[in-house]
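I opened a new model today and kept notes as I went. Here is what I looked up, entry by entry.

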Amino acid sequence: MMALRLAWRELRLIGRGPAFWLLLGLIQVFAAWWYLLLIEQYRSHYEPLVVRVNSPMGVNDLVVLPFYGSVLLLGALLLGAAMLAMRLLADERRSGSLQLLLSSPISMTQLTVGKYLAALGCLALLALPWLLLPWTLAFGTELDTARLLSANLGVLLLVSVLAAIALFASSLTAQPATAAALTVAIAVALMGLNAGVEAVAGGEDAVADYLALLSHYEPLVQGLIRSSDIIYFALLVLAFVAFTIRQLDSLRLQR
Amino acid sequence: MTSSEALLHVDGLGRHFGSRLAVADVNLHVARGEVLGLLGLNGAGKTTTLRMICGTLAPTRGSIHIAGLDLIEQPALARRSLGYLPEIPPLTQDTSVGEFLAFAAMLRRVPAVRKREAVARALDRCGLEDVAGRLIRHLSKGYQQRVGIAQAIVHDPALVVLDEPTVGLDPRQVVEIRRLINDLRQEHAVIFSSHILPEVQALCDNVVILHDGRQVYSGTPTDDDSQWRYQLRLQTPPAPDALQVLAGVRSVKQLESGLFELLLADDSEALDGVLAAAVSAGWQPREFGRCRRTLEQVFLSLTAGEAAA
């Protein structure tokens, strides 16, 4: 209950500043532009081609898939996560208001979960245009609903991990700019882990492949819901939340 | 005073940062209605001690009991009886005063039905009713400090801990904050740190002086009762040695030509002996009076090592 109250207050405070609304507006513009571009491309280029060769592919493959696989979506979510990292805990530490939370009768777990839920809510709101826009295709064509739901789940799971990374990065430093940079660094490292290892080792690495974020996101976008992917996302969230609790505890224990 | 009345009981508190000793063997005892002043030079360990009392820093050794509850064993319960104003007030700049106090009340587990009343009372006690709807960032430093104190008392805690509550304020604001602290003693035990001696002297029932992390004095702010000192002015003064050899004289310090500070044994015979000797030797005594060591003198003598360094 306390965690929910903390989350609600944090969300209200985030909503008061211009940064969140500015970012939400920008993301909507990006999402709409990219979506319309993909539809236009499909109508003028792919549709006649698909009819000519009698291909089973349709909007689900040629619009929805690239829409969710776009680097624009990842960039927008990273930007949102970096913005959140600047304020969640780093700003509380910098301004001294963390002392109020640490001296209050609440546990570090309640504080961390409250902040996490706020970050999750905020990032989910930012991702809303990406979740909703493809559903408008239903007005003009037949949609693969299950596949679209799977892609939406993928975005939400990605959001849940980015929120946890932002929270953890924010707990590491009292400098908001450093927290933002750390968020981007950790998230990019996790996303491109397999590609990096591949480039160095000169071949695929099973461990790096399993640990990389995008290798678990892409199957969901393609409509493949695997329990191993969901467990992977849940473990990442739990790990970063646990690291944050530990980091906050270590502020009391500082050596 | 029995220990059951103690709202704060600190025993053998110590803290290391790596190999550096920040606080060692601090013992504090504060009862309801009492104001305890924590004095010390910058870096003496005042903030570290207060942070440990408020649970934002874990002690290396020692125990802390707040309203009878062990802060280390039962942190959440013990912190309900605690209100803390850190050195930098922990304010949320983008909220209104009333909204911030409601949040502080929620954090301190004030029941929802009593929250409005608790906020109104804190606003009233700290003279903030007129600015309740204003954003904290638009308030002057003095008002922000008051909001800091209001958040510390909004849940009516047994113990109020204030870390340098008057630092950076103008003289009028200092007087207002002092008045507020004086009012707090009616219902709470208060502990506050400062390095402003007149402030401590004006407000505190007891004083603890920290130096290099160690507790070097604990007592009333007006005097070290065991040491009675006298000032003696002589028209025809002898060498200080001539006073030193008189019976009952423990030490002699020449303050200026003809003016001596004597530390006597605490009995009337020593006093009579000195006066009789001064008259019979023809030193022509002109003034004689008892002087108590001021807090400033006690403080400066106990922290002399730092000053010399």
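I began with burial in chain A: of its 255 residues, 40% count as buried. I call a residue buried if 20 or more other C-beta atoms lie within 10 Å of its own, exposed if 12 or fewer, and partly exposed in between, with C-beta atoms placed from the backbone. The model is predicted, so local features need pLDDT of at least 70 and side-chain atom pairs count only at pLDDT 80 or more, while totals for chains, interfaces and linings use all residues. Residues are numbered from 1 along each chain as its sequence is written, and chains are lettered from A and ligands numbered from 1 in the order in which they are written.

**Chain A, overall.** I looked for helices and strands, taken as DSSP runs (H or I, at least four residues; E, at least two) numbered from the N terminus. Chain A has 13 helices and zero strands. Its radius of gyration is 20 Å, close to the 18 Å of the globule rule for 255 residues, so chain A is as compact as a globular protein of that length. That radius is taken over C-alpha atoms, and the rule is 2.2 Å times the number of residues to the power 0.38. The C-alpha atoms fill a box of roughly 70 × 45 × 30 Å along the principal axes. Next I checked contacts, meaning C-beta atoms, placed from the backbone, within 7 Å. Among contacts in chain A between residues at least 6 apart in sequence, 79% join residues at least 24 apart.

**Cores.** Which residues touch the most other members of the largest nonpolar core? They are A:A81 and A:L123, in a core of 151 residues. Such a core is a set of buried Ala, Val, Leu, Ile, Met, Phe, Trp, Tyr and Cys residues joined through C-beta atoms within 7 Å. Helix 8 (residues 145-172) of chain A gives the most to this core, with 15 residues. Leaving out residues up to four places away in sequence, I found A:A81 touching A:L123, A:L162, A:A163, A:I165, A:A166, A:T183 and A:A187. A second, separate core has nine residues, including B:L234, B:L243, B:F260 and B:L264.

**Where the chains meet.** I found 25 residues of chain B in contact with 17 residues of chain A. On the chain B side, helix 2 (75-79), strand 6 (82-85) and helix 3 (97-107) are the elements that give two or more residues. Helix 3 of chain B gives the most, with four residues.

**Chain B, domains.** Chain B is divided into domain 1 (3-219) and domain 2 (229-292). These bounds come from an automatic or database domain assignment. The C-alpha centres of the two domains lie 45 Å apart.

**Helix 10 of chain B.** In this helix (residues 295-302) the buried residues are B:L295, B:V298 and B:F299. They cover an arc of only 95° around the axis, which puts them on the same side of helix 10 of chain B. The arc is that of the directions from the helix axis to the C-beta atoms. These buried residues pack against strand 3 (35-40), helix 7 (197-203), strand 9 (206-211) and strand 10 (214-219) of chain B.

**Positive phi.** Most residues other than glycine have a negative phi. B:D25, not a glycine, has a positive phi of about 50°. B:D25 is found in strand 2 (residues 20-31) of chain B. B:Q284 has a phi near 55°, and lies in the loop between helix 9 (268-280) and strand 14 (285-291) of chain B. B:Q284 is partly exposed, with 13 other C-beta atoms within 10 Å.

Notes
Contact = placed C-beta atoms within 7 Å.
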